[in-house]
Amino acid sequence: MPEATAARRRGGRIRLTLPAPTGGHRIGTTSLHLVDRSRRDPWTSTPRELMISLWYPARTTEGDRVPWMTSAAEALYRQQTSRNLQTSLDAVDFPLTHARRNVPVKARHGGRPVIIFSPGYAAMREQGTTLVEDLASRGNVVVTISHTHEAQFVEFPGGRVEPSRQPADPDYALALRTRRDDTTFVLDVLARLNSGAGTTIRGRHLPHGLRGALDLSKVGMFGHSLGGAAAAETMAQDPRVRAGVDLDGSVIGAARDTGLDRPFLLTASAGHGRDNDDSWADFWSRLRGWRRQLLLKDSGHQTYTDLGPLVPQLIKALPIPPQVVARLIENIGTIDPDHSVAAQRAYLAAFFDLHLRHHDDHLFAGPSPRYPEIEFVP
């Protein structure tokens, strides 16, 4: 059975799996604790703290594969997921990623393109690993951001976990502005790290070879749901981001009205598009650079997250009540998870290759028989 949809059973336990990356590079990852003392966290009034992860082509594959989530965050996520599924996850092991922790960066003359990932509202950066790992395996450095106090959980060094502080009636505009400022701050930090300003950050040693590994003239950004809106909003303010992708998120904020003069890709789930989302229609009409809109057939809003490959494994392995299964399928759609992952990865990589590397594989020339799940929306 393909790895994307197969849980592994051993000794009575179920190991969920993430689909293997398809690029030619081995990958490493490191997580960094950042503090922006120039800003106050809008939900605590303390200096703004973030956790980010860097995913990159690695020189070696020494060490064990890194778990999908850190231990304290995983325990809380397991509890919440068990309640949502109305079944125990005690016999379920969450996935391992395909990356090794803090291994040396594989050098490339001139550095590698940098791609920022912002997850959906209240989501954690770990939930985009399926797409993030693949981009790193294709030669990019991918930086994922957990937006503290909006994300469900963020674990900091020492096991401190900061939960969501979002009100019952979310202020999406505030969350979007905070994400935009988080991303601009992260880009500033990356510039310092790339210049060699220190070999540690808050006491953590950086992977060998990180200095000079980033080509910050080639920065892209993508995100799911509110993360897609954050990509547009960040581009509207920060010219360092050269190209962006919105995975099924309505476009709120200034970018809806101002548009962009740089390449942007809108990718929708089934039933979503400019005909029923005024924010997409407005934004599309104001895009002045390269633009495309795609639709992933038979998909749901959460198809663009790790739930796409993981939920089918849970449905097959566990006694989940039928009404819960119906809700899960509504969220991820009926699309085959292997085909879904392959199509998402192909078009995301082709977009960033085209606009950050100027390499055109002609995947955007029109519908491809390799990926019949992708519909081009005129």
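The crossing of helix H7 and helix H8 is left-handed, a crossing being called left-handed if the near helix is turned anticlockwise from the far one by less than a right angle, and right-handed if clockwise. The structure is a predicted model, in which local features need pLDDT of at least 70 and side-chain atom pairs count only at pLDDT 80 or more, whereas totals for chains, interfaces and linings use all residues. Residues are numbered from 1 along each chain as its sequence is written, and side-chain values use heavy atoms, with hydrogens and water left out.

The axes of H7 (residues 307–317) and H8 (residues 322–332) come within 10 Å and cross at roughly 160°, where axes are lines fitted to C-alpha atoms, for helices over the stretch in contact, and angles run from 0 to 180 degrees between N-to-C directions. H7 and H8 are therefore roughly antiparallel to each other; angles under 35 degrees count as roughly parallel, over 145 as roughly antiparallel, 65 to 115 as roughly perpendicular and the rest as oblique. Leu307, Gly308, Val311, Pro312 and Ile315 of H7 and Val325, Leu328, Ile329 and Ile332 of H8 make the contact, which means heavy atoms within 4.5 Å. By class, the contact of H7 with H8 has 8 nonpolar, 1 polar and no charged residues, with Ala, Val, Leu, Ile, Met, Phe, Trp, Tyr, Cys and Pro counted as nonpolar, Asp, Glu, Lys and Arg as charged, and the others, Gly among them, as polar. Helices (H or I, at least four residues) and strands (E, at least two) are DSSP runs, numbered from the N terminus.

Just after H2, Gly139 takes a positive phi of about 105°. H2 packs against helix H9 (residues 337–357) at an angle of about 50°, with the axes 10 Å apart, and the two helices are therefore oblique to each other. The crossing of H2 and H9 is right-handed. In this pair, Thr130, Leu131, Asp134 and Leu135 in H2 meet Val341, Gln344, Arg345, Leu348, Ala349 and Phe352 in H9, and the residues of the contact divide into 6 nonpolar, 2 polar and 2 charged.

Turning to the strands, 11 of them form an open sheet of mixed pairing, in the order E5-E7-E3-E4-E9-E8-E14-E15-E16-E17-E18, where two strands pair if DSSP finds at least two bridges between them. Its edge strands, E5 (65–67) and E18 (374–377), each pair on one side only, and the twist averages 30° from one strand to the next. Helix H4 (residues 226–237) packs on the sheet, touching strands E8 (112–118), E14 (214–224), E15 (241–247) and E16 (264–269), and its direction makes about 155° with that of E15. Helix H6 (residues 278–285) also packs on the sheet, touching E15, E16 and strand E17 (291–296), with its direction at about 160° to that of E16.

Within this sheet, strand E3 (residues 27–40) and strand E7 (residues 96–101) pair in the parallel sense over 3 bridges; Ile27 stands opposite Ala99 in E7, and the bridge partner of Gly28 in E7 is Arg100. E3 is joined by 11 bridges to strand E4 (residues 47–57), and these strands run antiparallel, with Leu34 opposite Leu50 in E4. E3 and E4 form a hairpin with 6 residues between them, and Ser45 in the turn has a positive phi of about 65°. E3 is mostly covered, 10 of its 14 residues being buried.

Methods
Buried means under 20% relative accessible area, exposed over 50%, partly exposed in between (1.4 Å probe, protein chains only).
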